[in-house]
Every structure is written in structure tokens, then in C-alpha cells.
Amino acid sequence: MSAQSTPNQAAPAAAATPGAGEVVNSALNAPLFYQLLLGELNVRGGEPGTGYSFILDAARKQRDPLLYRRAVEVALQARSGEAALAAARAWTQELPGSAEARRFELQILLALNRVGETGPVLQSILNEASPADRNDTINAIPQTYARVTDKNQAAAVVREALGPYLKQPAHAATAFTSIGRMYLAQDQLPEALVSARLGHTAEPASAFPALLALELMERGEQQAEPIVRQQIEAGNINTAADTAVALAYARILIDTQRNMEARVQLERLTARQADQAEPWLLLGSLQLQENALPAATASLEKYMALARQAGDERSARGLTQAYLLMAQIAEKRQDFAAANAWLDRIENADEIMAAQMRRASLLARQGQMPQARALLRSQPERRPEDARLKLVAEAQLLRDFKAWKEAYEVYGEAVARFPDEADLRYDQAMMAEKAGKPADMEVLLRALIAAKPDFHHAYNALGYSLADRNERLPEAKRLIEKAVELAPGDAYIQDSLGWVEFRLGNTARALEILQAAYGKRPDPEIAAHLGEVLWVKGQREEALKIWREGLMLSADNETLQGTLKRLRVKP
């Protein structure tokens, strides 16, 4: 098999025409074919460790990057981080110029929470990147490290790796921006602001420090605004990045109710880039707020023409918003027939609410939750489903900001209006628990069970809640067993059953159930429970391995983080 072929590719055929050149045979001989076949058969037969060994050995013999990648994939599918790391490191040693191999090594180290070992790998990735691609590589660093739990250590590693590039004019602005984003991830806003300023000083026209400054503005750091304004003045507005800065700045001005300044920015943007659709939509929205109806109509018509030409999904969502705005213009003109005609063009009410949810979330982040809720409630109700959609959107906004009591009340309103919808009752019960009202939760779930005896989520939720609070455990077990009876294949319900068995002291049975649930569906919450059972049984290394895998799946999971904190464990 040649270095770039895969095990599934056929050997190259002989030349079909004279003069086609010498035939190059594949290196896939019989022993190698048999070895790879055995490897794949073992993987599919439930023996990934054996299969991994066959494939990795073949990769070493052939020095084939595709086989190395396959070995890494097999190890990751088997949730064996150490084996995946060994394969990635063998790959980088055998083929030191492979950027893909180094990226795999970096990602696996981060997934294993071995942040301190990533520095040399990150430096190699940066050094080997071409000058043309290096800024993109630097820009990607904060996202690469986003799930790391030890933000301080991650920031230190990144600062050291980017040190040489802070003095290089071609990369300084990007490097300072990435360092600033690492500070931002730690909520160190003053330090992030300093980095944005240094990046802007290094290259005033660069969009990267300005984009960081915009994020700081959204977090309430108003001293970042001069960076944005100066970049807009210095930048070339014809580039996509510069357009993104100007457009995002206009959005922030609108969200902070600085409409006149926003209009100035949007008018400049539409004058310099008349073929960009989105600024026209924002400008039309502002003009409508100012009751400049002819100007708003012209801007929205321009937007709709450009959006229809684009024909992409984003433009389709924007058209929904434009139709709504045109309906509002018609309503202001007392032309109710035209308003209804515009509303009739909107095919999906979810798209309207999605657009309004974004704006509401921005308002809430600025401490304007009442205004955010009012924005959602002000949306028109043309169908009964629209009323439900509004209430669910408002409740979800409150949930996102952990306003559990208020979300509970909104779900109560939704249940009162739509009493036959089991999902709404269930969501209300979940919010009751979050709001510190376990008694209310129990009443709601028992009423739901009475009304809908086959609603397995209600049995599971009530049983798990009792088990998690270590209350009425025999009853909790009966409820969860009923849920298992109704949905025997649900791994999350099996997780609940394992957890209640653990609470009852049946550790061996709990371990058996939780291992089966985790094998069926690797999930951070199940990992939290399985790891704790292993920990209590004294299988500490296995527990740490499971918790690390859980963190690989979701570093922010509340149950997993709460378990680690309670047990004072740092995997």
C-alpha cells in the first residue's frame, strides 16, 4: 500500500493506454492485507485493543499517516485516551512534519487534562505553520483550550508559546488577541483589555484586537470601545473581518439604545458596501424605530433583494425578520391588509422567535432582563402555537440565566394556557426543583403521572430526585423501576436506577448497572455517578479515568463538576 492509500482502496490499475507511464504497484501485500483485516475484524468484534495493536503496527511499518489516524480513531472510540496519545506521538515521531499528527496530540493531551504537556506541541504547531496560515492557527488557540478546567495553567502555556510572535509585526496583533481571549475565559477583564490595546497598537488596522474589544464591551468593559472606533477608522471596510467589526459594533450600539450612533455606523457601512445585505436589515430596523417609514421601507426592500439573491439559510432567516418589520410598517400606516400579507409570507414562526431570542439574550446579559422579557412578550400571536412558542422562549431565556423561580412561574402560565401538554408540565416540575421547591415538584410530577401514566420521564425524574436527596429510597427505586419498565432501553433511566442502588448501599449492583448505562451512552452525568461508585469501592485509578472521559465529553457539566468538588478530586 502506498503512503497515501487506505486499506479500503484497490491497488492502482495498469495503464490503459500506451505511453501512460510505468505501473506503480500498491504496497498492500498479502501479509499486510491480512494484518489490517485482522485489525478491523477485532475492532468490529468488540476487541478494539487488539485491533488497535494490529493497525498501529501496520502504520509503523508503512509510515502511513492514514493508518496512524485510524489507530488514533480506534483508541478514541474505545475511550482509551492513553492509547490514542501513544499512537499520535508515534505518528509525530515517524512523520515529524505532519501538522495533523501534532493537532491530534494536542487535542488528546487537552482531553486528558494534561495541559502542562501541551506547550512544546503547541510551539511546534506554530513554528511549522506557514506564515500565511499562522495567524489562523493563532486565532484558533483560545477555542482549542476552551474546555480546559485549569484556565490559569492554560493561559500560562499559551502565553509562553506565543511569546516569540508578540514581537513579529505580522503576528503580534493576533497573538495579543489570543492571549486576551485566554484572560477573558478567566473573567480577567482588565488583563484582556490590556492585551487588546497592545494588539491594536501593534497593528491599528487589524480586526482581531477590535473583535476582542467588542466581546469586552458586551461584558460591560466600556474602555474597550475606543479600540473598536479606531480600528473602523483605520481598517479597510472592504474585508470580511472589518465588516464584521463594524456590523457587530452597530449591533452593540443598538442593544445599548445608542440608536443615533448605530445609524451613523450603518449608513457608513451601507454606503461603502452597498452589496452587503445584513447592514440594510439593521438600518431598516432602526429607521422603523425612529418612525422614518419611507427610509425604512427602502432599506428593507434593498435587504430583501440582496437576501433573495444570496439564497442561503442565514438570508432566509433574515427575510423572516424583514417580513415582520414590513408588517409593522404597514400596521403603522393602518394598512392592515398589507400587514397580514407580509405576515403570511413567514413560513416558520420559530425563526421569528429565534431572532428575538438573540436580542433578548443580549439585553439580559446587560442586566435588562425585564426589557428582554417584554421584547419576547410583545411578539404577535397569529396562531395558538405562537402563544406557546413565546412562553417557552421566555422560560428558556430565564433558564439560561438561572432565574429558576421566574422560569417556574412562566411554565406555570404556559401550563394554565395549554393544560394538555405533558412536556410543559414536566418542564414546570423540573424548574420547581431548581427553584428549591421539591414539594411542588413532587405534586406536579404525581399529577402528571395520574394524567399520563405512560410518561416515563415523570417516574424517572421523581425517583431520581428522591434518590439524589437520599430520601424515601425504597419508593424512589419503585418509581425508577416503573420508568425502566416503560423505557427499558433508556441509558439515563438506567443511570437513575444505578444511582438509587448506590444510595441503598447495593454498591456491586450499582456498579453493574452504571457500567452498562455508560457503555450504552457515554455521558458526563453517568460518568459522574459511575466514577463515584468506583471511587467508593477503592478503584481510584479507574474512577479517575472515567471522570477524565466525562470531562472530555463536557467539562462544564454541573453534576460532574459538583461530584469532583464534593469529593475534592482533580482528575
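User: Let's start with Q428. Which helix does Q428 lie in?

Analyst: Q428 belongs to helix α23, which covers residues 422-434. Keep in mind that we're looking at a predicted model.

User: Is Q428 buried or exposed, and how do I tell?

Analyst: Go by relative accessible area: buried means under 20%. Q428 has 9%, so it counts as buried.

User: What does Q428 touch, once residues up to four places away in sequence are left out?

Analyst: You'll find Y408, Y411, G412, V415 and L444 in contact with Q428. Of these, L444 turns up again when you look at how α23 meets α24.

User: Good, that was my next stop. How should I read a pair of packed helices?

Analyst: Two packed helices are described by the angle between their axes and by the distance between those axes. Here, α23 and helix α24 (residues 438-451) have axes 7 Å apart and pack at about 160°. An angle over 145 degrees counts as roughly antiparallel, and so α23 is roughly antiparallel to α24. The crossing of α23 with α24 is left-handed.

User: Which residues of α23 and α24 meet?

Analyst: On the α23 side, look for A422, R425, Y426, Q428, A429, M430, A432 and E433. They meet P438, D440, M441, L444, L445, A447, L448 and A451 in α24. Sorted by class, that contact has 12 nonpolar residues, 1 polar and 3 charged.

User: Let me try the approach on α4 and α5. At what angle do their axes cross, and within what distance do they come?

Analyst: Helix α4 spans residues 81-94 and helix α5 spans 99-111; their axes come within 9 Å and cross at roughly 155°. That angle makes α4 roughly antiparallel to α5. As for handedness, α4 and α5 make a left-handed crossing.

User: And which residues of α4 and α5 meet?

Analyst: From α4 you have G81, A84, L85, A88, R89, W91 and T92, and they meet E100, A101, R102, F104, E105, I108 and L109 in α5.

User: What about N29? Where is it found?

Analyst: N29 is in the segment before α1, a helix running over 30-44. The class between buried and exposed is called partly exposed, and N29 falls there because its relative accessibility is 42%.

User: Now zoom out. How many helices and strands are there in the protein?

Analyst: The count is 31 helices and 0 strands. Along its principal axes, the C-alpha trace spans about 80 × 75 × 55 Å.

User: What percentage of the residues is buried?

Analyst: Buried residues make up 47% of the 571 in the protein. The accessible surface comes to about 27,500 Å², with 51% of that belonging to carbon and sulfur atoms.

User: Last one: how do I read the sequence separation of contacts?

Analyst: Take the contacts between residues at least 6 apart in sequence, then ask what share joins residues at least 24 apart; in this protein that share is 52%.

Conventions:
Residues numbered from 1 in each chain as written. Predicted model: local features only at pLDDT ≥ 70, side-chain atom pairs only at ≥ 80, totals over all residues. Heavy atoms only, no water. Axes fitted to C-alpha atoms, helices over the stretch in contact; angles between N-to-C directions. Helix = DSSP H or I, 4+ residues; strand = E, 2+ residues; numbered from the N terminus. Parallel < 35°, antiparallel > 145°, perpendicular 65-115°, else oblique. Left-handed = near helix turned anticlockwise from the far one by under 90°. Contact = heavy atoms within 4.5 Å. Buried < 20%, exposed > 50% of the residue type's maximum accessible area, 1.4 Å probe, protein only. Areas by Shrake-Rupley, 256 points an atom, 1.4 Å probe, with all protein chains shown as cover. Nonpolar A, V, L, I, M, F, W, Y, C, P; charged D, E, K, R; others polar.
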